[in-house]
Amino acid sequence: MEGEFMAEKQGLILVNTGNGKGKTTAALGLAMRAWGQGLKVLVVQFIKGNWKYGELEAARRMGPDFVIRQMGEGFVQHCTENERPNHELAAAEALHTAKEEIAAQKWDMIILDEINYAVKFGLVAVDDVLSLLEEKPAALHVVLTGRDAHPQIVDKADLVTEMKEIKHHHKKGIKAQKGIEF
């Protein structure tokens, strides 16, 4: 059956965007699928920082072929003017890490988690992201997540999925739930 579906591997550029919940979760589901097929997966997080959440523990248990690197400083839209340089430095380091890892060619899939936010808030230039995508090896899958994907990134992508919020439990005053939000 595998031969029916397997042609020459062509790396794809996938974007998960929109105002709905689940962009990172969908990317991690895809990553788990890839890992289950023997692919090596790296997740570079541009916004999330020192938070402890379930995916980190799962990735740790999956071993060296599924790695999550938290490189952000947290929610940039709420940062003060004094905190902004820390966010800019963290995003620049995350972009540098992504470039190095793409050049190393040791991963089959790299997820650039919340990079769309980093572009939206001016922490990363869209031209730098487009350059990164141009440099990717032909067989590498790259997934970009976050709201408000830049139109040029959308144009470059092979697949774009928009998550649309219909209803959210936070609007009822229900707080974040362990296993759902973290």
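K120 and D148 form a salt bridge, with their closest N and O atoms 2.6 Å apart. A salt bridge here is a side-chain nitrogen of Lys or Arg within 4 Å of a carboxyl oxygen of Asp or Glu. K120 sits in helix α5 and D148 in the loop between β5 and α7, so the pair ties together parts that are 28 residues apart in sequence. K120 is partly exposed at 45% relative accessibility, and D148 is partly exposed at 44%. Buried means under 20% relative accessible area, exposed over 50%, and partly exposed in between (1.4 Å probe, protein chains only).

This is a predicted model: local features need pLDDT of at least 70, side-chain atom pairs count only at pLDDT 80 or more, and totals for chains, interfaces and linings use all residues. Residues are numbered from 1 along each chain as its sequence is written, and side-chain values use heavy atoms, leaving out hydrogens and water.

The structure holds eleven salt bridges. Another of them joins E114 to K48, with 3.3 Å between the closest N and O atoms. E114 lies in the loop between β4 and α5, K48 in the loop between β2 and α3 (54-62), and 66 residues separate them. E114 is buried, at 10% relative accessible area. K48 is buried too, at 12%. R60 and E57 also meet in a salt bridge (2.5 Å, N to O). They are three residues apart in helix α3, about one helical turn. R60 is exposed at 58%; E57 is partly exposed at 29%.

Now the sheet. Six strands form an open sheet in the order β3-β2-β4-β5-β1-β6, with parallel pairing. Two strands pair if DSSP finds at least two bridges between them. Helices (H or I, at least four residues) and strands (E, at least two) are DSSP runs, numbered from the N terminus. The edge strands are β3 (66-70) and β6 (159-162), each pairing on one side only. Four bridges join the parallel strands β4 and β5. I110 stands opposite V142 in β5.

Helix α6 (residues 126-135) comes next. V126, V129, L130, L132 and L133 are buried there. Seen down the axis of α6, the buried residues fall within an arc of 155°, so they line one face. That arc is taken from the directions from the helix axis to the C-beta atoms. On the other side of α6, D127 and E134 are exposed. What do the buried residues of α6 pack against? They pack against β1 (13-17), α4 (84-104), β4 (109-113), α5 (115-120), β5 (141-145) and α7 (151-156). Contact means heavy atoms within 4.5 Å.
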